[in-house]
Amino acid sequence: MFLHSNRRIHALVHVICLALLVFSLIERQARHGAGPDGKIPGLYVGRPARPTGRLILDAFARLRLIPATGDQPARIPRPGPLQQHLFDILGVDRTQPS
């Protein structure tokens, strides 16, 4: 990757660090809320798995977001049971995604 100035390099490093921080915090919160055995059923195909950032984001990859229009706020329609469980663990209200 070619960046034209030191300021852009500095900005890119900050963005990468923030993304890694968010990734780590999602994983930490999910592991904290996973229960006594530390595993979430349905997260990995065929067996309960310990939550990792990658598995959590893969589970959320199939979600849709309906953007806000007029007087209606943005919303996530009908998440699956695993996705709703992850929302509950992470403390996210799917009716208020923004």
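The accessible surface of the protein chain comes to about 7,600 Å². Carbon and sulfur atoms contribute 59% of that area. Accessible areas come from the Shrake-Rupley method with a 1.4 Å probe, and for residues only the protein chains shown count as cover. The model is predicted: local features need pLDDT of at least 70, side-chain atom pairs count only at pLDDT 80 or more, and totals for chains, interfaces and linings use all residues. Residues are numbered from 1 along each chain as its sequence is written, and side-chain values use heavy atoms, with hydrogens and water left out.

Buried residues make up 21% of the 98 residues in the protein chain. Buried means under 20% relative accessible area, exposed means over 50%, and partly exposed lies in between (1.4 Å probe, protein chains only). The radius of gyration of the protein chain is 17 Å, whereas a compact globule of 98 residues would have a value near 13 Å. The radius is taken over C-alpha atoms, and the globule rule is 2.2 Å times the number of residues to the power 0.38. Along the principal axes, the C-alpha atoms fill a box of roughly 45 × 40 × 20 Å.

The protein chain carries 13 positive and 6 negative charges, and their mean positions are 8 Å apart. Lys and Arg count as positive and Asp and Glu as negative; His and the chain ends are not counted. Each charge is placed at NZ of Lys, CZ of Arg, CG of Asp or CD of Glu.

Three helices and two strands form the secondary structure of the protein chain. Their order from the N terminus is α-β-β-α-α. Helices (H or I, at least four residues) and strands (E, at least two) are DSSP runs, numbered from the N terminus. Of the contacts with a separation of 6 or more, 36% join residues 24 or more positions apart. A contact means heavy atoms within 4.5 Å.

The largest nonpolar core has 14 residues. Such a core is a set of buried Ala, Val, Leu, Ile, Met, Phe, Trp, Tyr and Cys residues joined through side-chain atoms within 4.5 Å. Those with the most contacts inside the core are I40, L43, I56, A59, F60, L82 and L86. Two or more core residues come from each of β1 (40-44), α2 (53-60) and α3 (81-90). Beyond its neighbours within four places in sequence, I56 is in contact with I26, E27, A30, L43, P51 and L86.

Q83 sits in helix α3. Q83 counts as buried because its relative accessibility is 9%. Leaving out residues up to four places away in sequence, Q83 touches A59, F60, R62 and L63. Q83 and D37 are 46 residues apart along the chain, and 19 Å separates their C-alpha atoms.

R47 belongs to strand β2 (residues 47-49). With a relative accessible area of 49%, R47 is partly exposed. R47 and I76 are 29 residues apart along the chain, with 27 Å between their C-alpha atoms.

The loop between α2 and α3 holds R64. At 55% relative accessibility, R64 is exposed. R64 touches R75, I76 and P77, not counting residues up to four places away in sequence. A74 is ten residues from R64 in sequence and 11 Å away in space, C-alpha to C-alpha.

R78 also lies in the loop between α2 and α3. R78 is exposed, at 77% relative accessible area. Most residues other than glycine have a negative phi. R78 is not a glycine, yet has a positive phi of about 35 degrees.
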